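Please read the following report alongside the sequence and the model.

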Amino acid sequence: MLQEDEQIMRIGVLTGGGDCPGLNAVIRAVVRKGVATYGHEFVGFRDGWKGPLEGLSKPLGIAEVRGILPRGGTILGSSRTNPFKIENGVERIKENLAAQGVDALIAIGGEDTLGVATKLHELGVNVIGVPKTIDNDLGATDYTFGFDTAVNIAMEAIDRLHTTAESHHRTLVVEVMGRHAGWIALHAGLAGGANVILLPERQFDVEQVAGYVEKRFQHQYAPIVVVAEGAQPLDGQMVLHNQELDSFGHVRLGGIGQWLAEQLEAKTGKEARTVVLGHIQRGGTPTAFDRVLATRLGLQAIDAAHEGDWGKMVAMQSTDIVRVPLADATAELKTVPIERYEEAEVFFGS
Ligand code: F6P
C-alpha cells in the first residue's frame with residue numbers, strides 16, 4: 001500500500017566489485033518495496049562506481065526487476081572502478097547525480113565499494129550500503145550473501161572429487177577463493193570432509209601437510225586438500241600468478257594449489273593433481289539462504305533510504321537485519337578466528 005504525503009525520491013542503485021549470487025535479489029527487493037510502499041523512483045547505475053562517474057545509467061522499475069530473484073550476477077553490471085583514483089572523480093559523481101536528478105545512492109558491494117561509499121558519505125553524498133561478497137570478510141555483519149552459495153558449490157565439487165581421487169589413489173588439491181580470509185576454505189573443507197584445510201590466517205608447514213596426506217593413504221583413502229588462494233607456506237612468499245594491482249591495490253591471487261600439488265607429489269611419491277574452482281564459485285543461482293538474506297538486506301536498505309538514515313550499512317547480526325555505520329564494515333577485515341581453525345584440525349590426516 002502506497003504511503004501518502006511522503007517526499008518522493010529518485011534513488012540510484014549500483015553493484016560494485018566482484019559479482020556474487022544474490023545481487024539481483026537485493027536490487028529486486030529495493031525496487032519492489034521502494035516503488036510499492038514508498039512511491040520512490042529508481043535509476044540503475046551501470047558497472048559499479050563507473051556508472052555515476054560517467055553518467056552511465058539504465059531504467060530500473062518493477063518491470064526491470066521481474067524474474068531476477070534466482071539469477072546470478074547482476075543486471076546492472078559491475079567493475080572495480082575507484083573514483084578516488086580518477087581525477088575529479090568525486091566532483092564528476094556529484095555532477096552526474098545532480099544532472100540525473102538523483103537524491104541518493106544504494107551501493108551494493110564489498111570492502112572496496114563500501115569504502116568508496118563511506119568516503120562519499122563524508123563528502124556529502126546520501127548513501128546507504130549493502131554488504132556482499134563470497135569471501136564473507138566484511139566486519140559488522142555475521143554473513144554476507146554469496147558466501148553460502150560459494151561454499152555449497154565448493155562442497156559439491158569436493159564431494160565429486162572424493163570419488164575420483166579414491167579410484168585413482170591420487171591426492172587432489174582444491175584451490176578455493178576468499179582472498180585474505182579463509183572462510184570459504186574452512187566451511188567447504190569441513191562440509192566436504194577434506195583431509196587438510198589450509199587458510200591464509202595460519203601459515204602451513206608443507207612437511208606436515210605431506211604427513212597428513214601419507215597418513216590418509218595408509219587408511220586406504222585418497223586425500224583431498226582444500227587450500228585457500230591466499231594461504232601461504234611457512235616463511236614462504238605468497239604464490240602469485242600476476243603481480244599487477246587493481247585500482248584498489250589488490251593483487252590477483254592464485255597458484256598456491258599447483259605449487260602445493262607439486263610439493264606433495266615430490267614428498268609422498270603419490271600422484272597429486274590440482275583443481276582450481278575459480279569463478280565457478282561466483283556464478284549461477286543463489287542458494288535459498290542467500291536469496292532470503294539478500295532480500296531482507298534490500299528491504300532494510302530501502303527503509304533506511306526512505307528514512308534518510310544516510311551513511312549506514314545494513315547488516316545481519318544473529319538473525320536480525322540491523323543498521324550500522326558504513327565505516328564499521330570496512331574498518332577491519334573479518335578473518336577466521338584461530339579457534340575456528342582448531343575445531344577443524346581434529347579431522348586432519350585421519
Ligand atoms: O572478492 C571476491 C573474489 O572472488 C575473491 O575471492 C577473489 O580473490 C577475487 O574476487 C577475484 O577477483 P577477479 O574476479 O577480479 O579476478
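Is Lys312 buried, partly exposed or exposed? With a relative accessible area of 22%, Lys312 is partly exposed, where buried stands for under 20% relative accessible area, exposed for over 50% and partly exposed for values in between, computed with a 1.4 Å probe and protein chains only. The model is a predicted one, in which local features need pLDDT of at least 70 and side-chain atom pairs count only at pLDDT 80 or more, whereas totals for chains, interfaces and linings use all residues. Residues are numbered from 1 along each chain as its sequence is written, and side-chain values use heavy atoms, with hydrogens and water left out.

**Salt bridges**

The search of the whole structure finds 12 salt bridges, a salt bridge being a side-chain nitrogen of Lys or Arg within 4 Å of a carboxyl oxygen of Asp or Glu. Lys312 takes part in one of them, with Asp309 as its partner. Salt bridges that share partners join Glu307, Asp309, Lys312 and Arg323 into one network. The table gives this pair together with others from the structure.

| Salt bridge | Closest N to O distance |
|---|---|
| Asp309 and Lys312 | 2.9 Å |
| Arg282 and Asp19 | 2.9 Å |

Asp303 counts as buried at 14% relative accessibility, while Lys33 is partly exposed at 24%.

Arg170 lies in the loop between α6 (147-168) and β6 (171-176) and Glu271 in the loop between α9 (256-268) and β11 (272-276), so the pair ties together parts that are 101 residues apart in sequence. Here Arg170 counts as buried, with 16% relative accessibility, and Glu271 is partly exposed, with a relative accessible area of 31%.

**The two domains**

The protein is divided into domain 1 (10-145 + 286-329) and domain 2 (148-282), with bounds that come from an automatic or database domain assignment. The C-alpha centres of domain 1 and domain 2 lie 33 Å apart. Domain 1 gives 20 residues to the contact and domain 2 gives 17 residues, contact meaning heavy atoms within 4.5 Å. The size of an interface is often given as the accessible area lost when the parts come together. For domain 1 and domain 2 the buried area is about 1,600 Å², 52% of it on carbon and sulfur atoms, where buried area is the accessible area (1.4 Å probe) that two parts lose on being put together, summed over both. Across this interface the rule finds 1 salt bridge.

**Loop residues**

Tyr143 is placed in the loop between β5 (127-131) and α6, and it is partly exposed, at 29% relative accessible area. Leaving aside residues up to four places away in sequence, Tyr143 touches Asn136, His187, Leu293, Met316 and Lys334. Between Tyr143 and Lys132, which are 11 residues apart in sequence, the C-alpha to C-alpha distance is 8.8 Å.

Ala140 is likewise found in the loop between β5 and α6, and its phi is near 70 degrees, a positive value in a residue other than glycine. The relative accessible area of Ala140 is 28%, which makes it partly exposed. Asn88 has a positive phi of about 55 degrees although it is not a glycine; it sits in the loop between α3 (62-65) and α4 (89-99) and counts as partly exposed, at 46% relative accessibility.

Asn195 lies in the loop between α7 (183-192) and β7 (196-198) and is buried, with a relative accessible area of 2%. Its contacts beyond four places in sequence include Tyr212, Arg216, Pro223, Phe347 and Phe348. Val346 belongs to the segment after α12 (338-345) and counts as exposed, at 60% relative accessibility.

How values were computed: Helices (H or I, at least four residues) and strands (E, at least two) are DSSP runs, numbered from the N terminus.
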